[in-house]
Amino acid sequence: MIQTKVALLAFGANLPFDGMTPDQTLRAAVTRFPKVNLGVSHLSRLFATPCFPAGAGPDYVNGAALLQVEGDMSADALLARLHQIEAMFGRKRNSRWGMRTLDIDLLALGDLILPDVDTHSHWRNLDPSLQRRAAPDQLILPHPRMQDRAFVLVPLADVAPDWCHPVLNLTVSQMIGRLPAADLAEVRPL
């Protein structure tokens, strides 16, 4: 029997691609996972969310997915496959937090902490004024700001409400409970 582990993903789009609206792009992207030997085991509803950061462009459509990946697949190998899918939908990496035709973020891979707890804590606690300009030069897992973002956590609760953050020791549901009500109200099911 092949060992597997859970990967958590966040999806987003706020630009049309090849005649498709952002919600159509997200649905189409999920159908491409088998082309890179990945299968989605659970998919959230899609949600309309304000652009982040505010004023940076059109509003987004966001979702989340849970994958079962082979136990020996590295986080970097999984991320490379996700980037292949993004490229199929015209993703350009021109600016941090810019508008995009498709964004697929690897939020977590099991209980893996990359590269280590101290580095994770540095990026998780980075001053908000520096977050737009500073980007890590390596993959940080779990995603260092997932606990702060309703547009990530609300869809994630559809597929993994009981997943526990290995650094914060909080479930997705508990992290949602710590968010401001105003942030949660901005995430609307389509």
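This is a predicted model: local features need pLDDT of at least 70, side-chain atom pairs count only at pLDDT 80 or more; totals for chains, interfaces and linings use all residues.
Residues are numbered from 1 along each chain as its sequence is written. Local features need pLDDT of at least 70 and side-chain atom pairs pLDDT 80 or more, totals for chains, interfaces and linings use all residues, and side-chain values use heavy atoms, without hydrogens and water.

User: Why is the contact between Asp23 and Arg27 called a salt bridge?
Analyst: A salt bridge is a side-chain nitrogen of Lys or Arg within 4 Å of a carboxyl oxygen of Asp or Glu. The N to O distance for Asp23 and Arg27 is 2.9 Å, so the pair qualifies.

User: Where do Asp23 and Arg27 lie?
Analyst: Both are in helix H1 (residues 22-31), four residues apart, about one turn of the helix. Here a helix is a DSSP run of H or I with at least four residues, and a strand a run of E with at least two, numbered from the N terminus. An α-helix has 3.6 residues a turn, so residues three or four places apart point the same way.

User: Why does Asp23 count as partly exposed?
Analyst: Buried means under 20% relative accessible area, exposed over 50%, and partly exposed in between (1.4 Å probe, protein chains only). Asp23 has 23% relative accessibility, so Asp23 is partly exposed. Arg27, at 47%, is also partly exposed.

User: What makes Asp158 and Arg45 a salt bridge?
Analyst: Their closest N and O atoms are 2.9 Å apart, so the pair meets the cut-off. The pair links distant parts of the chain, 113 residues apart: Asp158 is in helix H5 (residues 150-159), and Arg45 in the loop between strand S2 (40-43) and strand S3 (47-49).
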